[in-house]
Amino acid sequence: MLWFHVERKDTKSLTQQVYEQIRMYILDGDLKVNEKLPSTRELATSVGVSRNIVLEVYDQLVAEGYLVVRPKSGTYVAPGSSFKVKSQQDTASYQQDQPGMIEQNMIDFRAAHPAMDHFPRKVWGRLAKEICYDAPDSIFGYHVAGGHPELKRVLAAYLLRTRGVKCDPNQIVITSGATQALSIITELLVDAANPYVAVEDPVTYEMRNIFSYAGASIRPIPVDHEGIQPEFLSNDEPPSFIFVIPSHQFPLGGTLTIQRRIKLIEYARQMNCYIVEDDYDSEFTYEGSPVPSLQGLDPGKVLYVGTFSKILSPALRIGYVVLPTNLIEPFQTLKWYTDRHNSSLEQLILARFIEEGNLDKHIRKMRKVYQQRRKALVDGLLATFPECTILGQAAGMHLVVELKNIIFDSHCLQRIEDQGVRVYPVEDFSLVKGKHMHQIVIGYGSLTVDEIKDGISRLKKALYV
Ligand SMILES: Cc1ncc(COP(=O)(O)O)c(C=O)c1O
């Protein structure tokens with residue numbers, strides 16, 4: 001006799017419990033194909049539920065093909081219904097990427113993470129409500145791949161005013177962060193005739209992996225305190241594109257000089273390749289004003305990639321690319337095949353956020369917050385390690401510190417972690433190894449001044465035991 005237990009206090013209904021039990025018996029083969037099931041009355045009595053519940057469950061299982069009714073005979077397990085269902089534990093273990101997780105008592109000097117405690121929740125919430133109530137019904141439908149025209153219009157004006165980017169709004173495509181823009185660019189430009197991307201060395205592994213994953217091979221071009229060194233680009237074989245972060249190179253923090261900008265553009269014109277400019281954090285410049293974009297020097301050769309991940313929040317997943325006109329259509333096609341388009345609601349909220357002047361206000365405020373955090377870090381480092389050198393422009397949310405007497409190898413990094421602090425060796429970002437053994441990247445965007453001070457004293461304990 002088929003018997004199982006049902007739990008009356010369970011959040012699942014009795015019908016659901018009976019249904020799931022019988023379904024599992026069939027799938028697992030405990031009830032064999034062509035085996036006859038007890039009558040509804042018998043099963044109801046043995047399980048202790050009403051007959052109506054069993055009738056409902058049998059009907060459902062017949063409708064789904066698990067059971068068949070043979071007239072004047074009874075209800076049977078249908079052929080082809082036994083199947084071993086894999087449990088979660090059976091599937092290959094998968095390490096979840098959880099960048100937002102805060103490890104208990106660990107001071108993590110990771111770079112490029114903004115101050116999450118300062119997101120303009122109130123204004124964003126107000127605008128979200130307004131847009132939800134006011135926007136036309138069409139906002140809830142499908143839209144074009146390139147992005148909402150309202151955001152593109154506002155963004156084109158913002159980019160011209162703040163970054164010297166010259167473009168018509170139609171040249172902008174809204175993407176899911178800079179990440180998606182770079183991935184589609186690689187897919188579009190890398191082919192058998194132009195199989196490699198020239199990248200700054202060192203470079204973030206995220207970006208490097210995006211290019212490799214999209215099928216490109218990578219050639220490192222060395223970087224010094226003034227950014228990429230164009231004389232190391234190949235004169236025989238042009239890359240599909242050159243990836244640069246001219247405003248504030250990651251991680252070394254150099255700003256590309258005008259001489260090198262001109263050389264890069266001349267190279268791209270001569271070799272008939274493109275330059276991809278990643279301008280992810282130039283809004284936060286603490287000394288002088290940000291250098292205008294490379295794109296402004298040759299909009300036909302430079303693809304300008306930007307993001308709201310640093311100035312607002314990476315959780316928005318809103319980035320964009322400004323394209324030379326001949327690439328607009330093929331890029332939009334690939335964007336459509338990837339995810340159709342970004343959320344139109346979020347795009348409209350952002351457009352209104354910028355148009356009302358909230359973005360400028362937020363940037364002004366955050367500049368002060370980051371400047372304060374940076375000052376605490378620089379002062380603390382110089383006081384604790386007087387022999388250290390701080391590299392790069394006073395910009396962004398990270399800096400590189402060099403300690404000539406220390407090699408940041410795995411043993412040293414373990415000692416640092418043991419003190420509950422995490423830093424990032426520049427060597428990890430390097431393609432050609434061995435040139436940055438004494439340097440670490442320290443990000444300060446998401447840490448408070450107190451956490452920064454605590455982190456430095458922990459670092460001191462780890463390095464000078
Ligand atoms: C060099 C660089 N560019 C851009 C980004 C932003 O990526 P996304 O806009 O996809 O968040 C990052 C993120 O860390 C980065 O390191």
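Author: The following account takes up the salt bridges and then turns to other features of the structure.

The model is a predicted one, in which local features need pLDDT of at least 70 and side-chain atom pairs count only at pLDDT 80 or more, while totals for chains, interfaces and linings use all residues. Residues are numbered from 1 along each chain as its sequence is written, and side-chain values use heavy atoms, with hydrogens and water left out.

Side chains of opposite charge can pair when their charged atoms come close. Here a salt bridge is a side-chain nitrogen of Lys or Arg within 4 Å of a carboxyl oxygen of Asp or Glu. A search of the whole structure finds 20 salt bridges.

One of them joins Arg126 to Glu356, with the closest N and O atoms 3.0 Å apart. Arg126 lies in helix H4 and Glu356 in the loop between helix H10 (344-355) and H11, so the pair ties together parts that are 230 residues apart in sequence. Helices (H or I, at least four residues) and strands (E, at least two) are DSSP runs, numbered from the N terminus. Arg126 is partly exposed, with a relative accessible area of 37%, and Glu356 is likewise partly exposed, at 40%. In this scheme buried means under 20% relative accessible area, exposed means over 50%, and partly exposed lies in between (1.4 Å probe, protein chains only). Through salt bridges that share partners, Arg126, Glu130, Asp134, Arg352 and Glu356 form one network.

A further salt bridge is that of Arg373 with Asp117, where the closest N and O atoms are 3.3 Å apart. This pair also links distant parts of the chain: Arg373 belongs to helix H11 (residues 358-384), Asp117 to the loop between E3 and helix H4 (121-134), and the two are 256 residues apart. Arg373 is buried, its relative accessible area being 5%.

The salt bridge between Glu20 and Lys12 has its closest N and O atoms 3.0 Å apart. Glu20 counts as partly exposed, at 27% relative accessibility, and so does Lys12, at 39%.

Rolling a probe the size of a water molecule over the atoms shows where empty space is left. On a 1 Å grid over the protein atoms alone, a cavity is a set of points where a 1.4 Å probe fits but cannot get out, and lining residues have an atom within 4 Å of a point. Grid points are joined across faces, edges and corners, and a volume is the space filled by probe spheres set on the points. The structure holds 1 cavity of 30 Å³ or more. About 40 Å³ of space lies in the largest cavity, whose lining includes Pro114, His118, Lys310, His362 and Tyr370.

Two further residues complete the account. Val322, in strand E11 (residues 319-322), is buried, with a relative accessible area of 0%. Its C-alpha atom is separated by 22 Å from that of Tyr196, which is 126 residues away along the chain.

The cysteines remain. A disulfide is a pair of cysteine sulfur atoms within 2.5 Å, and by this rule the count comes to 0. The sulfur of Cys388 is 14 Å from the closest cysteine sulfur, in Cys412, which is too far for a bond. Cys388 is buried, with a relative accessible area of 9%.

Notes: On a 1 Å grid over the protein atoms alone, a cavity is a set of points where a 1.4 Å probe fits but cannot get out, and a pocket is an open set with protein on both sides within 12 Å along at least five of seven lines; lining residues have an atom within 4 Å of a point.
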